[in-house]
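Q: Could you walk me through reading charge pairs, burial and backbone angles in a model like this?

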Amino acid sequence: MISPHSARTTTRVQEAPPPSGPPVWDGPPPPPSRVPVARTTMERVKELPGKVSIRWRLTLTYGALVFVAAAVLLFSVYAIVGRAIGEAWPSIDLGLGPVQNAQLQSSWRQFQQQAIANARDALFGSSFLALLGVGILALIIGYFVADRALKPVAQMTGTARKLSESTLAHQRIALEGPNDELKELADTFDAMLARLNVAFDTQRRFVANASHELRTPLTINRTVLEIALSDPEASGDLKALGRTLLEVNARNEKLIEGLLLLARSERELAVRKPLDVQEVAQTAVEQVAPFAQEHGVTVTTELVSAPTIGDPVLLERSVSNLLENAVKYNIPENGKVWIRTGMADGALVVQVANTGQHVPAYEVNSLFEPFRRLHADRVESAKGAGLGLSIVRAVVQAHGGNVAAVPRDGGGLVVTIQLPRR
């Protein structure tokens, strides 16, 4: 999968066993375990805002505002009604004597105070229950208000998640509604997508046109060199120089073919046919078999049927690239390559593993960049143009899948392609 430029190539590493079992998604290794650090209660409280989603923060904010407004209203009603009960209490005069009237007024005031206290207690209890109900209703209303407010944001997020270089031409948010801040944000995002689409399309056209223009002079050079080499009167030095130039010319032709294929892979798929990944992988294995035999590499297959829809030529080219890289960047003697196809977790999986030198985990992702090799950029590139994995990634993404690589125990890489089902 990578160019072997390391001083450790002279050291034979004990090989790990081949992949076994059904095809699986070999993700990155788990992070190293860390000893949990004890945190205080205040630290946990300070971390809460960062753990609560914006939806629930808006819900709690709306709910708290409604709750506070309801509490102020009920307190005001409680105070007004309590004062009104005390002031509106009628006086009593039955025309009795002074002593009897004084006793009657004293009893009446006690009864009045007791009645006012009972009325206020009942009002307070009812107000508390009403406030509790309003608080629960405020949370429910706040959640729906937050959901409605965030619906345009969720639409923008969904559109951005579905975007790729192949869908920029027709995928837009196109948010409808009043000209508010969210509408302005969506329109700005759509304008940015249009500019990105123009930029990507211009880049692809430039690569394709430049590659086409370069193929003609290279073809002429190859023809001239072959004619010169076929001349029986040519000297040995001239023929040696011609063969060297032919090799350089062939490498340049291969580079241009790779650029053309990369530009084609980054476009939206023009061909979508029902196919079986098992047959695609089997064809790729047959094509790479002579190359593997020449390098003394054993290819082991474990191919299971997995139907899907896509461009069979591009998928075959991507699998061939993986196999060629696995053979090309293998150990000098008794190299091994494993390829598996099948279904795993509801997705189609193609997995290619090989023996080889140790690959640092932090350099794996960069190998999918064009012209990128292990420990080198455009350096010692006699083994290839450095476009193999870039083409694989472009083809897989055009089919709506993903590709990832992880270092293999004992050396080499395990590259896994996931494609959606039919």
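Q: Is R317 buried, partly exposed or exposed?
A: This is a predicted model, so keep that in mind throughout. The cut-offs are under 20% relative accessible area for buried and over 50% for exposed, with partly exposed in between. R317 comes out at 28%, so it counts as partly exposed.

Q: Which residue does R317 form a salt bridge with?
A: The general idea first: side chains of opposite charge can pair when their charged atoms come close. Here the partner is E324, and the closest N and O atoms are 3.0 Å apart. E324 has 24% relative accessibility, so it is partly exposed too.

Q: How many salt bridges does a search of the whole structure find?
A: The search gives 3. One of them joins D147 and R55, at 2.6 Å from N to O. That pair links distant parts of the chain, with D147 in helix α3 and R55 in helix α2, 92 residues apart. D147 is partly exposed at 33%, and R55 is partly exposed at 23%.

Q: And where do K183 and D187 lie?
A: Both sit in helix α4, 4 residues apart, which is about one turn of the helix. K183 counts as buried at 15% relative accessibility, whereas D187 is partly exposed at 36%.

Q: What happens at the start of α7?
A: A side-chain oxygen of D311 reaches to within 3.0 Å of the backbone nitrogen of V313.

Q: What is the phi of N334?
A: Most residues other than glycine have a negative phi. N334 has a phi near 55°, a positive value in a residue that isn't glycine. You'll find N334 in the loop between α7 and β4, and it is exposed, with a relative accessible area of 52%.

Q: Which residues make the nonpolar surface patch?
A: W56, L132, I136, I140, Y143 and F144 make it, over about 620 Å². Helix α3 gives the most, with 5 residues. L132 lies in that helix and is partly exposed, at 48%.

Conventions
Residues are numbered from 1 along each chain as its sequence is written. This is a predicted model: local features need pLDDT of at least 70, side-chain atom pairs count only at pLDDT 80 or more; totals for chains, interfaces and linings use all residues. Side-chain values use heavy atoms; hydrogens and water are left out. A polar contact is a pair of N or O atoms within 3.5 Å; within protein, one must be able to donate a hydrogen and the other to accept it, and residues adjacent in sequence count only if both atoms are side-chain atoms. Helices (H or I, at least four residues) and strands (E, at least two) are DSSP runs, numbered from the N terminus. Patches are made of residues with over 30% relative accessible area and no salt bridge: like charges are joined within 9 Å, nonpolar side chains (Val, Leu, Ile, Met, Phe, Trp, Tyr) within 5 Å. Accessible areas come from the Shrake-Rupley method with a 1.4 Å probe; for residues, only the protein chains shown count as cover. A salt bridge is a side-chain nitrogen of Lys or Arg within 4 Å of a carboxyl oxygen of Asp or Glu. Buried means under 20% relative accessible area, exposed over 50%, partly exposed in between (1.4 Å probe, protein chains only).
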